[in-house]
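Dear colleague,

Please find below the structure that I am handing over to you.

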Amino acid sequence: MVAKLRTVSPSSEVHGLQSVPCPVVAFSRELAYRDLLTAHSHRRGQLLYAVDGVMQVRTPQGVWVVPPQRALWVPPHVEHEIRMLSNVSMRTLYIDPRPADVLGERCRLLEVSVLLRELILALLAEPTDYPAGSRGGHVAELILSELARAPAIPIEIPWPGDRRLVAICEAILADPGRQFSLADWACVGGASVRTVIRLFPKETGLQFRHWVQQVHLSEALVRLSNGEAVGVVAQALGYKSQSAFGNMFRKALRASPNQYLQRQEKRRMVSGAEQN
């Protein structure tokens, strides 16, 4: 039996952080697998980040899966819900609308450098209402500087409004490796193949196969971050060979899965050395 989501209310403390005069404030929270933070928005922009665990973030425009070493920028006033795909140690930032402008008006998945990770943790150790010119103020300035240069990851799962496409998309998200033909997926949504082909670009901006590819890339990042071998990930996502999966991954992210794994290992080694 599939476990049900457990609805969790956004913390009352978060509401108070929106009016703090400091440009950047940090907040930590421990959440459990299958917890759901229901749809809400903030006056400030939010950098959604977890040092451990995987989150799925949904807005009316799209879906993002956020593994460790990645963060999602959510602009001010954008409604979003957050589903915990594992136990999550959330370490998030709320950024005043003025400095948040540099990060843009759209949600974006960002690389989190080792330096940015440590700066987030350092700000958590400072008072919430740190004075300008204090250590907290300097850390906040460095955070904004690092965020301005953080590389964006071109993975976004745009979300349709048509109920037939929503049914198809939910089913694909639930089982990204399922080997269905386009006709099979059309049946899931109660639509014709022609309708699916016509509506997907109109509703999401992507052809159906490219939308599925975004789901595969998102799932692959999570699995690779969890240490799964490239061949295992390729098989789980339904690719006929590891090389076929590798070609898709490389074209989209300009790095092979092995290069990605090497970077992940380097990050883990640096982070581990700093903690010892």
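The model is a predicted one, in which local features need pLDDT of at least 70 and side-chain atom pairs count only at pLDDT 80 or more, while totals for chains, interfaces and linings use all residues. Residues are numbered from 1 along each chain as its sequence is written, and side-chain values use heavy atoms, with hydrogens and water left out.

Cavities

The search ran on a 1 Å grid over the protein atoms alone; a cavity is a set of points where a 1.4 Å probe fits but cannot get out, and lining residues have an atom within 4 Å of a point. Grid points are joined across faces, edges and corners, and a volume is the space filled by probe spheres set on the points. Over the whole structure, 2 cavities of 30 Å³ or more were found.

The largest cavity has a volume of about 90 Å³. Its lining consists of 13 residues, and V14, R29, L37, H40 and Y94 lie nearest the centre. Strands β2 (24-31), β3 (35-40) and β9 (88-95) are the elements that each give two or more residues to this lining, and β2 supplies the largest share, 3 residues. Helices (H or I, at least four residues) and strands (E, at least two) are DSSP runs, numbered from the N terminus. By class, the lining of the largest cavity has 8 nonpolar, 4 polar and 1 charged residues. Here Ala, Val, Leu, Ile, Met, Phe, Trp, Tyr, Cys and Pro count as nonpolar, Asp, Glu, Lys and Arg as charged, and the others, Gly among them, as polar.

The second largest cavity has a volume of about 30 Å³. V63, W64, V65, L109, I155, E156, I157 and S218 line this cavity, with strand β6 (residues 62-66) giving the most, 3 residues. The lining divides into 6 nonpolar, 1 polar and 1 charged residues.

Pockets

A pocket is an open set of points with protein on both sides within 12 Å along at least five of seven lines. The largest pocket has a volume of about 500 Å³. Of its 19 lining residues, R34, Q56, L85, L173 and A174 lie nearest the centre. Two or more residues come from each of β5 (55-58), α5 (163-174) and α8 (208-225), and α8 gives the most, with 4 residues. This lining has 12 nonpolar, 2 polar and 5 charged residues.

The second largest pocket has a volume of about 310 Å³. It is lined by 16 residues, and F180, W185, F208, V212 and H216 lie nearest its centre. The elements giving two or more residues to this lining are α6 (182-189) and α8; α8 gives the most, with 6 residues. By class, the lining has 9 nonpolar, 5 polar and 2 charged residues.

Helix pair

Helices α5 and α7 (residues 193-204) pack at an angle of about 90 degrees, with their axes 10 Å apart. Axes are lines fitted to C-alpha atoms, for helices over the stretch in contact, and angles run from 0 to 180 degrees between N-to-C directions. The angle makes α5 roughly perpendicular to α7, a term used for 65 to 115 degrees. In this contact (heavy atoms within 4.5 Å), R164, L165, I168 and C169 of α5 meet T195, V196, L199, F200 and E203 of α7. The contact has 6 nonpolar, 1 polar and 2 charged residues.

Yours sincerely

Definitions and conventions: Angles under 35 degrees count as roughly parallel, over 145 as roughly antiparallel, 65 to 115 as roughly perpendicular and the rest as oblique.
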